[in-house]
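Student: I would like to learn how to read a protein model step by step, beginning with the overall fold and then moving to single residues. Could you take me through one?

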Amino acid sequence: MIAAIGAVASNDMLGLDNWLPWDIPEELAYFERTVAGAALVVGRLTYESMDIVPVDTFVVTGQENYVLRSGCHRVASVEAGLRQALATGKPVFVIGGASVYAAAWPYCERFFLTRIDKPFDGDTRFPDSIPLDRWAVVADSQASYLERRSGEPVICRFLQYAQPDVKSLNAA
Ligand SMILES: NC(=O)c1ccc[n+]([C@@H]2O[C@H](COP(=O)([O-])OP(=O)(O)OC[C@H]3O[C@@H](n4cnc5c(N)ncnc54)[C@H](OP(=O)(O)O)[C@@H]3O)[C@@H](O)[C@H]2O)c1
């Protein structure tokens, strides 16, 4: 299965200064738990922001000579990344950023999206081209956590969306 995973603020922001606009350790732990053992497809900027990158991470970049950390693979397109990630036999997660979500969503059966109930300053928005309003909500739970930069509580709503008409990679 190909799935995407991400988190978004109530004003659609998902990134700031090549990191997250918030500091919510429990949300990050949910992400890490969910993608553990999967093959990952990630954009070059998000890859560069990650301290730890698991094996079978496929980094999308147009730079032919881009040197990656051990266990990571360079791919020239999102489709190539998805194909090679599937070939590992592991579950596949698209982990962003915005440009990679925008290209990968047609191939995703699921989108694990955490909606954070507050606006945050940011420089990268969740792509409005992803028609999640037409996908079915198949899981929905929420919890309140402390957002550590503001010192204020936030509600994180953990949603899973299922896409009705997944595009085949064979058709790409
Ligand atoms: N809230 C969340 O859940 C979440 C998740 C992930 C990321 N983020 C945040 O999102 C921000 C980064 O997002 P972003 O959209 O700016 O960057 P990104 O998607 O992480 O990376 C963009 C780069 O990936 C490569 N790329 C993307 N699509 C490509 C394609 N179709 N073909 C070839 N190469 C492609 C290009 O690399 P080259 O320039 O090398 O060609 C491009 O410059 C950061 O702030 C990050 O922290 C948030």
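Student: What percentage of the contacts in the chain with a separation of 6 or more is accounted for by residues 24 or more positions apart?

Tutor: This is a predicted model, and in it residues 24 or more positions apart account for 70% of the contacts with a separation of 6 or more.

Student: Which elements make up the chain, and in what order do they run from the N terminus?

Tutor: The secondary structure comes to 4 helices and 10 strands, and from the N terminus on the order is β-β-α-β-α-β-β-α-β-α-β-β-β-β. The radius of gyration is 16 Å, close to the 16 Å that the globule rule gives for 172 residues, so the chain is as compact as a globular protein of that length. Along its principal axes, the C-alpha trace spans about 45 × 35 × 25 Å.

Student: How should I read the nonpolar core, and which residues have the most contacts inside it?

Tutor: The general idea is that in soluble globular proteins nonpolar side chains tend to be buried together. Here the largest nonpolar core has 45 residues, and those with the most contacts inside it are A4, V41, F93, V94, V100, A104 and C108. Strand β1 gives the largest share of this core, 7 residues. If you follow F93 and leave aside its neighbours within four places in sequence, you find it in contact with A3, A4, I5, V35, A38 and L40.

Student: How many bridges pair β9 with β10, and in which sense, parallel or antiparallel?

Tutor: A general point to keep in mind is that in a regular strand the side chains alternate between the two faces of the sheet. In this model β9 (residues 136–147) and β10 pair in the antiparallel sense over 11 bridges, with A139 having Q160 of β10 as its bridge partner. These two strands form a hairpin with 4 residues between them, and G151 in the turn has a positive phi of about 75°. Strand β10 (residues 152–162) also pairs in the antiparallel sense with β7 (residues 110–116), over 7 bridges, and there the bridge partner of R110 is A162.

Student: Which residues come nearest to the ligand?

Tutor: Of the 27 residues around the ligand, G6, G15, G43, G96 and G97 come nearest. By class, this shell has 12 nonpolar, 14 polar and 1 charged residues, and β1 (2–9), β2 (13–15), α2 (44–49) and α4 (98–104) each supply at least two residues to it.

Definitions and conventions
Residues are numbered from 1 along each chain as its sequence is written. This is a predicted model: local features need pLDDT of at least 70, side-chain atom pairs count only at pLDDT 80 or more; totals for chains, interfaces and linings use all residues. The radius of gyration is taken over C-alpha atoms; the globule rule is 2.2 Å times the number of residues to the power 0.38. Two residues are in contact if their C-beta atoms, placed from the backbone, lie within 7 Å. A residue is near a molecule or strand if its C-beta atom, placed from the backbone, lies within 6 Å of it. Ala, Val, Leu, Ile, Met, Phe, Trp, Tyr, Cys and Pro count as nonpolar, Asp, Glu, Lys and Arg as charged, and the others, Gly among them, as polar. A nonpolar core is a set of buried Ala, Val, Leu, Ile, Met, Phe, Trp, Tyr and Cys residues joined through C-beta atoms within 7 Å. A residue is buried if 20 or more other C-beta atoms lie within 10 Å of its own, exposed if 12 or fewer, and partly exposed in between; C-beta atoms are placed from the backbone. Two strands pair if DSSP finds at least two bridges between them.
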